Amino acid sequence: MPKNSTTPVIELRALTKRYGIGDAEHNALDTVNLRIDRGEFIAIMGPSGCGKTTLLNVIGLLDRADAGDYLLDGKPVDSLSSKQHARIRSQQIGIVFQSFNLINRLSVLENVALPLTYKGIGRTKRLEAASAILKTFHLGEREYYMPWQLSGGQMQRVAIARALVNQPSIILADEPTGNLDSRSSHVIMEELSDLHKRGNTIIMVTHNPSLTSYASRVIKMLDGKIASDIKIKVQLADEESVSIPLNRKAREEQIVPAEPTQDDPPKKATRKRKPRKSATKKKVKAS
Ligand SMILES: Nc1ncnc2c1ncn2[C@@H]1O[C@H](COP(=O)(O)OP(=O)(O)OP(=O)(O)O)[C@@H](O)[C@H]1O
């Protein structure tokens with residue numbers, strides 16, 4: 001836990017990550033300084049190869065920097081062992097990848113329940129929690145399928161459910177909707193938005209500018225450096241707009257339906273999603 005409320009949840013000081021050797025050596029991250037406060041929803045953008053995934057991997061303790069400091073909740077984590085990194089990940093960090101990395105020999109339910117094993121939760125409770133989150137992703141009827149029996153979009157949703165089952169306080173998402181149709185993308189983004197409203201810190205890499213409307217801060221990277229860092233203050237336009245539907249059923253009714261796929265039979269007509277702009281007014285200010 002943080003020492004006090006002003007301690008950033010993540011602080012990077014002159015963080016550098018190099019790849020290659022000799023003439024081929026280059027900085028994927030070049031002396032990056034970054035403070036992330038608890039409860040921020042950060043979108044990281046930038047051209048291909050600018051270092052977005054490398055940054056996310058270092059923050060997620062999947063990779064180590066070559067120089068600089070990384071403080072998580074005010075404590076340096078660079079010198080911790082890989083085992084300690086794994087423990088921190090399992091307790092605090094949920095990671096959503098563009099490629100879903102499901103385990104083919106485990107059922108959908110077992111895949112989603114897997115992260116709870118490291119928390120020492122009993123099998124029945126693990127499967128109950130996994131089942132509950134799968135239902136929110138419309139995958140309740142696929143619990144006993146094997147991953148290879150699912151469509152790409154369904155596999156992606158299972159992978160996201162697995163990342164969220166631990167209720168991590170920090171969620172890292174690398175192009176989380178990159179392989180999803182528009183309907184599933186909305187469901188996932190609203191899910192991330194709900195997690196943000198409940199106080200979680202979300203860091204999302206995306207190439208899609210429209211997804212930055214969910215973020216409270218947009219960071220643009222270039223050549224391993226932070227090129228711009230913009231905070232977006234979301235201000236509710238009026239009292240009525242406070243009633244953002246947190247109930248999933250209400251949300252789904254507002255989502256524009258996508259073309260039905262083979263796996264998803266056509267649904268009854270649904271109401272069109274209310275434009276976000278009517279509910280909120282955004283002020284953009286450079287930080
Ligand atoms: N394992 C690796 N070995 C060598 N170079 C790497 C490795 N991983 C990344 N790089 C290089 O580091 C730089 C940053 O890569 P990174 O994947 O972080 O960029 P990115 O902004 O996420 O790109 P994209 O949007 O295409 O995913 C690139 O030049 C890339 O080629």
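These points cover the sheet and the surroundings of the ligand in a predicted model.

1. Basis. Residues are numbered from 1 along each chain as its sequence is written, and side-chain values use heavy atoms, without hydrogens and water. In this predicted model, local features need pLDDT of at least 70 and side-chain atom pairs count only at pLDDT 80 or more, while totals for chains, interfaces and linings use all residues.

2. Sheet. Strands β1 (residues 10–19) and β4 (residues 67–72) pair in the antiparallel sense over 5 bridges, and Ile-10 stands opposite Leu-72 in β4.

3. Ligand shell. Residues around the ligand (a heavy atom within 4 Å) include Tyr-19, Ala-28, Pro-47, Lys-52 and Thr-53. The largest share of the shell, 3 residues, comes from α1, a helix (H or I in DSSP, at least four residues) spanning 52–59. Strand β2 also supplies at least two residues.

4. Polar contacts (N or O pairs within 3.5 Å). An oxygen atom of the ligand lies 2.9 Å from a side-chain N or O atom of His-207. A polar side-chain atom of His-26 is 3.4 Å from a ligand oxygen atom. For Gly-51, a backbone N or O atom lies 3.1 Å from an oxygen atom of the ligand.

Terms used. Two strands pair if DSSP finds at least two bridges between them. A polar contact is a pair of N or O atoms within 3.5 Å; within protein, one must be able to donate a hydrogen and the other to accept it, and residues adjacent in sequence count only if both atoms are side-chain atoms.
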